[in-house]
Amino acid sequence: MGGEVPPDSTEIISSNGAAITIGGGAGAKEYDKITLTPDADGNVAIQEEFGTLDGGSYSVLDYMPAEDCTTTR
């Protein structure tokens with residue numbers, strides 16, 4: 001989808017029912033969030049949000065819009 005979350009920095013941010021959000025950084029201040037939401041038909045909706053930790057807290061990168069896709073598990 002264009003972003004990356006390196007395995008050595010991946011952390012679970014939240015879970016809500018079957019949905020889970022993971023995040024991690026690929027650079028000095030880059031921090032992306034990926035939300036995986038499975039449905040009863042075996043599909044998984046994936047949303048990736050591109051962000052940064054610049055300034056000490058998470059904010060979305062306006063110039064990189066979130067991306068969505070669906071896959072079958």
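Residues are numbered from 1 along each chain as its sequence is written, and side-chain values use heavy atoms, with hydrogens and water left out. Since we're looking at a prediction, local features need pLDDT of at least 70 and side-chain atom pairs count only at pLDDT 80 or more, while totals for chains, interfaces and linings use all residues.

Let's start with the big picture. You'll find six strands and zero helices in the protein, giving the order β-β-β-β-β-β from the N terminus on. Both kinds of element are DSSP runs numbered from the N terminus: helices are H or I with at least four residues, strands are E with at least two.

Next, the surface. The protein has 73 residues, and 26% of them are buried (under 20% relative accessible area, 1.4 Å probe, protein chains only).

What about contacts, meaning heavy atoms within 4.5 Å? Take those between residues at least 6 apart in sequence: 26% of them join residues at least 24 apart.

Now for the strand pairs, where pairing takes at least two DSSP bridges between two strands. Strand β2 (residues 19–24) runs antiparallel to β3 (residues 30–38), joined by five bridges, and I20 stands opposite L36 in β3. On to β4 (residues 43–52): nine bridges join this strand to β3, again antiparallel, with E30 opposite T52 in β4. The hairpin of β3 and β4 has four residues between the strands, and there G42 takes a positive phi near 90 degrees.

How values were computed:
Buried < 20%, exposed > 50% of the residue type's maximum accessible area, 1.4 Å probe, protein only. Contact = heavy atoms within 4.5 Å.
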